[in-house]
Amino acid sequence: MMRRTLLSLFALLFASTVSAHAQSIGEVRAKALFNELRCVVCAGQSIAESNAELAQDMREQVVLLINDNRSDAEIRDWFVQRYGDAVLMNPPLKPLTFALWFGPVLIFLFGMAVTGLVLLRGRARLRNKS
Amino acid sequence: MMSEWAHLALVFALPLAFMQAVIALLPAAPMGWSDAFRQSVVRAVSLITAALVSLAFLGLVLAFVTGDFSVKTTFEHSHTAKPLLYKISGTWGNHEGSILLWVLILAVFGGLLALRGTEGQTRDLRVRALGVQALITLAFLAFTLFTSNPFERVLPAPLEGRGLNPLLQDIGLALHPPLLYFGYVGFSITFALTVAALLRGEADHIWARMVRPWAMLAWTTLTAGIALGSWWAYYELGWGGFWAWDPVENLSFLPWLTGTAFIHSLMVVEKSGALRVWTLFLGVVTFVLAILGTFVVRSGLLTSVHAFAVDPARGAFILLILGLSVIVAFGLFAWRAPQFKPGSGFAPVSREGALVLNNLFLSTGAGVVLLGTFFPLITEAFGQPLTVGKPYFDATFLPFMVPLLLLMAIGPFVPWQRLRGSTGDRVRGLITLLVVAMALATIVIVMLLWQSKPRLSLTVGLAMILAGWLLGGGLLTFVQRARAVRSPFKVALSGWAVSLAHAGLGIAVFGLIAGSAMVQERTVNLKPGDSVDVGHLTFRLDGVRETQADPSIGRNYISAFADVALLTGQGATKAILSPERRFYPVRQDSTTEADIRVTWLGDIFLAFNTQAPDGGFILTLSWRPLIPWLYFGCILMVLGGLLGSIAAWRRVGRA
Amino acid sequence: MRIALRLAIIVLGTVLILLIGSLLWFGLNPQRSPASFPTSTAIAPDFSAFGQGTPLPGYEDAADVLAARRAAEGPFVVNFFASWCQPCRLEHPYLLEFSAANPGALIGLAYRDDPIDAATYLTNDGNPYAAVIADTGSTNALNFGLTGVPETYVFGADGTLLFRSPGPLIGALKTQFIDAWEAASQ
């Protein structure tokens, strides 16, 4: 009988926190990073939400890297180097994604302009009438 | 045999829908018919089509219930050992059946539109709308018959079906798709009425009154459908997430956003005739987005956890329907819109002005969600795959919702242009509202503080005040309406509707904030006897027990339950929770079934992840404050929507 | 003025509809697999960490994958497999064929597999690998940006990634693999 799935470094590492009363900083950081990395076998979920084996591997890797004193940015880079930009749930800001990141502001500015026009014309009609 | 009749009924509905469209949309009545006669014919045909499609659907339901496995859909998705409820819901739990449900709702709504009165002024509008509705029905009937015929045969007929998947036997899963479809398809009627108004070249207050009950009803069911989907994800999927910004979720949210804008701008059209061009635009866009949602889901276009059978031919067909509706509707819009007379004027600070801002934020939100959802497809087309996930949407969508929610509480107090009062009232009203908001937020925070040690921050505090502002706005709206008629029992239905919907959203926002920002969660490795603190709660693992698979009752998995005791401060056991881990030997796959204890201040949420090599058990233990409020708020919103639909229904046809 | 506006709306609308329509049409392309993670060859596994793992019982002689990687003078291939993985069995005959034609070029890593199970699999079905270990702790899998098993990587002699097959080497992926291998061997 194979013993896959059983090794969860993540839990082993935090086994020591049992009955302790506060979460360690590493635990909080790991949790945040889990939400930022995409599980590569599960259609758009983050590794925090998936029980897939590769997601477990990735979670363990995150914990290993945290214990290796890497910063959050370094850990993200570690995964990007090996999986490409698509591994990030939050796409990085670069020329390719300018439209994505600045789009919402542009949409809003356009909407503001139209709204302003509508409000001004509404007021103009009101004045013409009176 | 029965299935043959059902199939035949569906086939006959096709030429009838075609006939209905032709007769209704011809510029002049054919063969010297009078307009009244033409309307009678169109209404009759519309009712017959609705009856035929209902027969077809009933036939399919019966095939599922009686286990007629000569029908391919039944063979693949049903089983004699299924409970009756899930045999029935199995009818729409698959592609073919769900598309037939689409067509059913389309045809039945068409029939309902035909049934409602024959007021002289709206006759012309109604006939044209029935024509447009017939065109949509025709398109989806053709889609059903040519690409996804639910009545295809398997010969010789098998004795037993293959559809006994216990994972799919779930009440949430049974109700979620029909509610969403009611919402989507409800907007087909508003679309038909919008196109009819464009054809006619006029959209006055009578038109707005005709559209509103349909828009309200569609909005209500869509709200219920989305909320139920979220509830299901939270309670059944066991990851503690209630909204993941998954493409399929986003695509149901898009018509909700524009639909919400639509029901609000319709009020302006009804009251003062302003914003009619914009409202017509929303009427078209909302239904187009609903078809887009169906298209993406049915063609597997975007990466989503919601897996559906993918067939490019089906996708191409819906793309064709989508393309035709977009080209025809927007072409007509571009042609006719400039001809519409502007309505009466209004000052920027008036109900009209407030609703313009409501529309600004809702449309911006819809634009942002649309951009984020389709952006990965765009970059992929250029060979640069990307992921756009939850963090992006949280960062870009939520900022536009804050001003919307701020405005939403005040909106109902701002008088319409023709009823404008003094400024003094307004300032006093604002101060009252602010005080109420702070008070409500304080009460909620104190309740949580008294009960636990929540993670508080300035942002959370401000967000709570925002939710309190919203809830207070809803409550004060009711107070104001009650004072105007001098009795809370005489408040009009529409007053109840707006108060409930707005207060409901306020309560839901409390749940949303606490459920995402104040969650206390830990994943720990426990051995039997170990105890651990999560927030104010103390848990102790008592032990783990296993149950074997029992295929005779459809349980094809081995379960391991972790019995976790919830302890009181004195160490006594208050309750036992048993999260479950299921192992499916055939698929070599395992799933987690969370155990959730719902309390009125929050959920205790336990999941059993796995066994550790050192013999311990890895559990995720969490305290999720105010999550039940999220769904309670949604229920209030749906109630408000229902009352609003009834109120709007009563106003139809009034001059 | 009104006509100009109308024209502008129509022109803009047509362009938008065409753009969005072609995008959605592109989305319908059956070659796309939106459910799978987009694999990239623009990644660089860290070869200094290559080969941490557990030898398979009975295959201890062939456990030094790093040595095998150095011994391969030309291009080489890294293949992730597992005894529990059904699609791996589909490509297994071809892997045997490939290693017979290119001795020393194929390195195997058993992903999330028990060393005993993996060894049994190779003994029963034949061992195509010049060197093979069990990837304990999935260190190599993450290092290679693995997206599932089986997955196969073709490296040039200098260690640059030339091609990867995110699935079994059958059908179109096999053809692409053969092309990539021939191009690399020249």
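In the predicted model, strand E1 of chain B and strand E10 of chain B, the latter spanning residues 617-625, run antiparallel and are joined by seven bridges. Within this pairing, B:Leu526 stands opposite B:Phe617 of E10(B). The two strands belong to an open sheet of four strands in chain B, in which the order is E1-E10-E9-E8 and the pairing is antiparallel. Strand E1 (520-526) and strand E8 (595-599) of chain B lie at the edges of this sheet, and each has a single partner strand, so one side of each is left without a neighbour in the sheet. From one strand to the next, the twist of the sheet averages 15 degrees.

A second open sheet is found in chain C, where six strands follow the order E1-E4-E3-E2-E5-E6 with mixed pairing. Its edge strands are strand E1 (54-55) and strand E6 (161-165) of chain C, each of which pairs on one side only. Strand E2 (residues 76-81) of chain C pairs with strand E3 (residues 106-111) of chain C in the parallel sense, over five bridges; C:Asn79 has C:Gly108 of E3(C) as its bridge partner.

Helix packing was examined in chain B. Two packed helices are described by the angle between their axes and the distance between the axes. For helix H16 (residues 493-517) and helix H17 (residues 627-651) of chain B, the axes come within 7 Å and cross at roughly 160 degrees. Because angles over 145 degrees count as roughly antiparallel, this crossing makes H16(B) roughly antiparallel to H17(B). The crossing of H16(B) and H17(B) is left-handed, and the residues of their contact comprise 22 nonpolar and eight polar residues, with no charged residues.

Helix H10 (residues 276-299) and helix H11 (residues 312-336) of chain B pack at an angle of about 170 degrees, with their axes 9 Å apart, which makes H10(B) roughly antiparallel to H11(B) as well. Among the residues that make this contact are B:Leu280, B:Phe281, B:Val284 and B:Arg298 of H10(B), together with B:Arg314, B:Gly315, B:Ile318 and B:Phe333 of H11(B). By class, the contact of H10(B) with H11(B) contains 16 nonpolar, four polar and two charged residues.

Contacts between chains were considered next. In the contact of chain B with chain A, 54 residues of chain B meet 44 residues of chain A. On the chain B side, helix H12 (351-381), helix H13 (390-410), E1, strand E2 (531-534) and strand E9 (602-611) each supply at least two residues, and the largest share, 13 residues, comes from H12(B). The side of chain B that touches chain A is made up of 25 nonpolar, 22 polar and seven charged residues. The contact between chain C and chain B takes 19 residues from chain C and 20 residues from chain B. On the side of chain C that touches chain B, 14 residues are nonpolar, three are polar and two are charged.

As for domains, chain A is divided into domain 1 (23-92) and domain 2 (93-130), whose centres, taken over C-alpha atoms, are separated by 38 Å. Chain C is likewise divided into domain 1 (1-32) and domain 2 (47-185), and here the centres, again taken over C-alpha atoms, are separated by 47 Å.

Terms used: Residues are numbered from 1 along each chain as its sequence is written. Chains are lettered from A and ligands numbered from 1 in the order in which they are written. This is a predicted model: local features need pLDDT of at least 70, side-chain atom pairs count only at pLDDT 80 or more; totals for chains, interfaces and linings use all residues. Two strands pair if DSSP finds at least two bridges between them. Axes are lines fitted to C-alpha atoms, for helices over the stretch in contact, and angles run from 0 to 180 degrees between N-to-C directions. Angles under 35 degrees count as roughly parallel, over 145 as roughly antiparallel, 65 to 115 as roughly perpendicular and the rest as oblique. A crossing is left-handed if the near helix is turned anticlockwise from the far one by less than a right angle, and right-handed if clockwise. Ala, Val, Leu, Ile, Met, Phe, Trp, Tyr, Cys and Pro count as nonpolar, Asp, Glu, Lys and Arg as charged, and the others, Gly among them, as polar. Two residues are in contact if their C-beta atoms, placed from the backbone, lie within 7 Å. Domain bounds come from an automatic or database domain assignment.
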